[in-house]
Amino acid sequence: MKSLDQIAAQLQGYDPQALRADAVGEFLARLVEPVTDRERVSLFDAGGRVLADDLISPISVPPHDNSAMDGYAFDGAQLQADAPLDLTVVGTALAGKAWTGRVGPGQCLKIMTGAIMPAGLDTVAPQELTQPAGEARIRIPPGILRAGDNRRFRGEDLMQGQPALAKGTRLGPAACGLIASLGLPEVDVLRRIKVAYFSTGDEILSLGDAPREGAVYDSNRHTVRALLARLGCELIDLGVVRDEPIALEQAFTRAAAQADAIITSGGVSVGEADFTKAMMKQLGDVAFWKIAMRPGRPMAVGRITSDGRAAALFGLPGNPVAVMVTFLAFVRPALLRMMGAQPEPMVLLKAHSTERLRKKPGRTEYQRGIVRAAADGTLQVSITGNQGSGVLSSMAQANGLIVLHHAQGDVAVGDEVDVMMFEGVV
Ligand code: AMP
Ligand code: MG
């Protein structure tokens, strides 16, 4: 485990007081380690989990050559370029039942999708492309089929002994189906990571508290909780913690004793006259960053230690929109790495801005946007109103974040911009 100073020394141009947003990922990737503990889970509970090993196919899928269509199976060598082919139907092969007869020259077999292709037959004429040609005879017009058409090969999906899924795959719906197609009822996955989170600040109310002057309800904890739940983390909710040394110390040590990562919000900005930063420093190895970005400039990162056990710390700013932006941009990729997941490149959509956007070069800006398809099918993005970093309603209306990169300047109407879509991420 490297100290923050050691990590910093490995990175070129690291400046905690003016850190580029696109440099944060590299730092955090060196700060956190993937978990290695594993467990075997039922496939019914495997969705979202991370595969512990490469998965090798124990069988071939499909297990035999079979028909891709309802139609007539025959030996494709009989096809001629300029003449129809007339064939006598000698039987019917249904899916799931082996057909044991013989099909000779001039003959074919009525076959259903998924039924085994008998030996010697390699082509299927789809039912709708054939014409009746008398009692138990069909005609295949010339020029519509090539030998080998509409046959699926044994193992064309997965071949026995070949890797089916790579270690570190997050199991989505297709992967779960694929594992089932191999006949596997259970799968080895990495253990889930435990994430403790709490909100800080004397002005923060928990749900159920009576409103009082100057106080606001804690939205951050609920946003963070929902973000973590989507990642499949084990959640340790430590509530709202008062800005008092004892309360903060207890929260941090409890968190570090149980969790792999700690996420806090609030109390990390420059002007804070509070104990949050001091306690982070006291209990761990923590850097306080000013990131060249908007929203979300201040952030604390590092490790908190309790009884010799260390947990990664992500001290997010207090503003609700900054919490979400810093989580999506920095914390999420770091947690995925801790979960043992393969790095997933952030796929950004390109959309034309419907408005002019002011942007200062020299920092990364995130704006809440709604992407729609224009009448001509191209994608357009509009900002969702008030972009203040405390305004959650415009975040709730958005379906993505417009990412205005570090060196980028003003955006004119119609310019293409990058958008990080929430669906699939949030
Ligand atoms: P701070 O980073 O602590 O200076 O907080 C910045 C702003 O975010 C202040 O207006 C806080 O009241 C607000 N804030 C901090 N934590 C929360 C929270 N958990 N829920 C809602 N707003 C918060
Ligand atoms: Mg505060």
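**Entry 1: alanine 29**

I began with alanine 29, which is partly exposed at a relative accessible area of 32%. I am working from a predicted model. Alanine 29 sits in helix α2. I also took a C-alpha distance from alanine 29 to arginine 102: 62 Å, for two residues 73 apart along the chain.

**Entry 2: α2 against α7**

Next I asked how helix α2 packs on α7. I noted that two packed helices are described by the angle between their axes and the distance between the axes. For α2 (residues 21-31) and α7 I get an angle of about 25 degrees and axes 10 Å apart. Angles under 35 degrees count as roughly parallel, and α2 and α7 are therefore roughly parallel to each other. Their crossing is right-handed. I then listed the contact residues: Ala21, Val24, Leu28 and Ala29 come from α2, and Phe330, Ala334 and Arg337 come from α7. I sorted this contact by class and found six nonpolar residues, one charged and no polar.

**Entry 3: the cores**

Which residues have the most contacts inside the largest nonpolar core? I find Leu28, Ile263, Phe314 and Leu335, in a core of 57 residues. Helix α7 (residues 320-338) gives the largest share of this core, with 13 residues. I looked up the neighbours of isoleucine 263, leaving out residues up to four places away in sequence. Isoleucine 263 touches Val195, Ala196, Tyr197, Phe198, Val224 and Leu228, and also Phe314, Leu316, Phe327, Val331 and Leu335. I also found a second, separate core, with 22 residues; Ile236, Ala259, Leu283 and Phe288 are among them.

**Entry 4: α5 against α6**

I turned to helix α5 (residues 245-258) and helix α6 (residues 276-283). Their angle is about 45 degrees, and their axes lie 10 Å apart. That makes α5 oblique to α6. The crossing of α5 past α6 is right-handed. On the α5 side I list Pro245, Leu248, Glu249, Phe252 and Thr253. On the α6 side I list Thr276, Met279, Met280, Gln282 and Leu283. By class, I have six nonpolar, three polar and one charged residues in this contact. Leu283 of α6 I had already met in the second core.

**Entry 5: serine 394**

Is serine 394 buried or exposed? I find serine 394 buried, at 2% relative accessible area. The cut-off for buried is under 20%. Serine 394 belongs to helix α8 (residues 393-397). Its contacts, without residues up to four places away in sequence, are Arg368, Thr384, Gly385 and Asn386.

**Entry 6: backbone checks**

I looked for cis peptide bonds. One joins valine 61 and proline 62, with omega about -10 degrees. Proline 62 lies in the loop between β3 (55-56) and β4 (66-67). Another cis bond runs from arginine 294 to proline 295, with omega near -10 degrees. I place proline 295 in the loop between β19 (284-294) and β20 (298-306).

Then I looked at phi. Alanine 136 is not a glycine, yet has a positive phi of about 55 degrees. I find alanine 136 in the loop between β9 (131-132) and β10 (137-140). Alanine 136 counts as partly exposed, at 40% relative accessibility. Asparagine 150 also has a positive phi, near 65 degrees. I find asparagine 150 in the loop between β10 and β11 (151-152). Its relative accessible area is 23%, so I note asparagine 150 as partly exposed.

Definitions and conventions:
Residues are numbered from 1 along each chain as its sequence is written. Chains are lettered from A and ligands numbered from 1 in the order in which they are written. This is a predicted model: local features need pLDDT of at least 70, side-chain atom pairs count only at pLDDT 80 or more; totals for chains, interfaces and linings use all residues. Side-chain values use heavy atoms; hydrogens and water are left out. A nonpolar core is a set of buried Ala, Val, Leu, Ile, Met, Phe, Trp, Tyr and Cys residues joined through side-chain atoms within 4.5 Å. Buried means under 20% relative accessible area, exposed over 50%, partly exposed in between (1.4 Å probe, protein chains only). Helices (H or I, at least four residues) and strands (E, at least two) are DSSP runs, numbered from the N terminus. Contact means heavy atoms within 4.5 Å. Axes are lines fitted to C-alpha atoms, for helices over the stretch in contact, and angles run from 0 to 180 degrees between N-to-C directions. Angles under 35 degrees count as roughly parallel, over 145 as roughly antiparallel, 65 to 115 as roughly perpendicular and the rest as oblique. A crossing is left-handed if the near helix is turned anticlockwise from the far one by less than a right angle, and right-handed if clockwise. Ala, Val, Leu, Ile, Met, Phe, Trp, Tyr, Cys and Pro count as nonpolar, Asp, Glu, Lys and Arg as charged, and the others, Gly among them, as polar.
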